[in-house]
Amino acid sequence: QVQLVESGGGSVQAGGSLRLSCAASGRTPFRQHAMTWFREAPGKDREWVATSSWDETRTLYADSVKGRFLISRDVERNTVYLQMNSLEPEDTALYYCAAGYQVPESRWPRPGVYTYWGQGTQVTVSS
């Protein structure tokens, strides 16, 4: 059984930074998986944030976070990270990680293509 567990959320002031972690457990290997972060603010649709191939040869970011957020992974720890800098109140949301096997890059922003999901970690940014 595969489980993704997010951590690292919290409350920060605008301009601050946080690093989110998504730890994968279980026997399913994640090579050839797309590793993705989504976020969901109250009353709004789930929004795609960033995706990285497991080997990190390809990464893609939403325009709203490009230049401020960085996705990465640690193979030895079986963990994917989202480094968030220059946070804004608009970044306030519940952040989810997700994984999907051999998802083509054109489909990375689509929530429906991902097989595995975490339960989310809350990020709150005050002005």
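Strand 1 and strand 3 (residues 18-25) pair in the antiparallel sense over five bridges, where strands are DSSP runs of E of at least two residues, numbered from the N terminus, and pairing requires at least two DSSP bridges between two strands. Within this pairing, V5 stands opposite A23 of strand 3. The model is predicted, with local features requiring pLDDT of at least 70 and side-chain atom pairs counted only at pLDDT 80 or more, while totals for chains, interfaces and linings use all residues. Residues are numbered from 1 along each chain as its sequence is written, and side-chain values use heavy atoms, without hydrogens and water.

An open antiparallel sheet is formed by four strands in the order 1-3-8-7.

Eight salt bridges were found in the whole structure, a salt bridge being a side-chain nitrogen of Lys or Arg within 4 Å of a carboxyl oxygen of Asp or Glu. One of them joins E56 and R73 at 3.0 Å, N to O. E56 lies in the loop between strand 5 (47-53) and strand 6 (59-61) and R73 in strand 7, so the pair ties together parts 17 residues apart in sequence.

A further salt bridge connects E105 and R58, with the closest N and O atoms 2.5 Å apart. This pair links distant parts of the chain, 47 residues apart: E105 is in the loop between strand 9 (93-101) and strand 10 (116-117), and R58 in the loop between strand 5 and strand 6.
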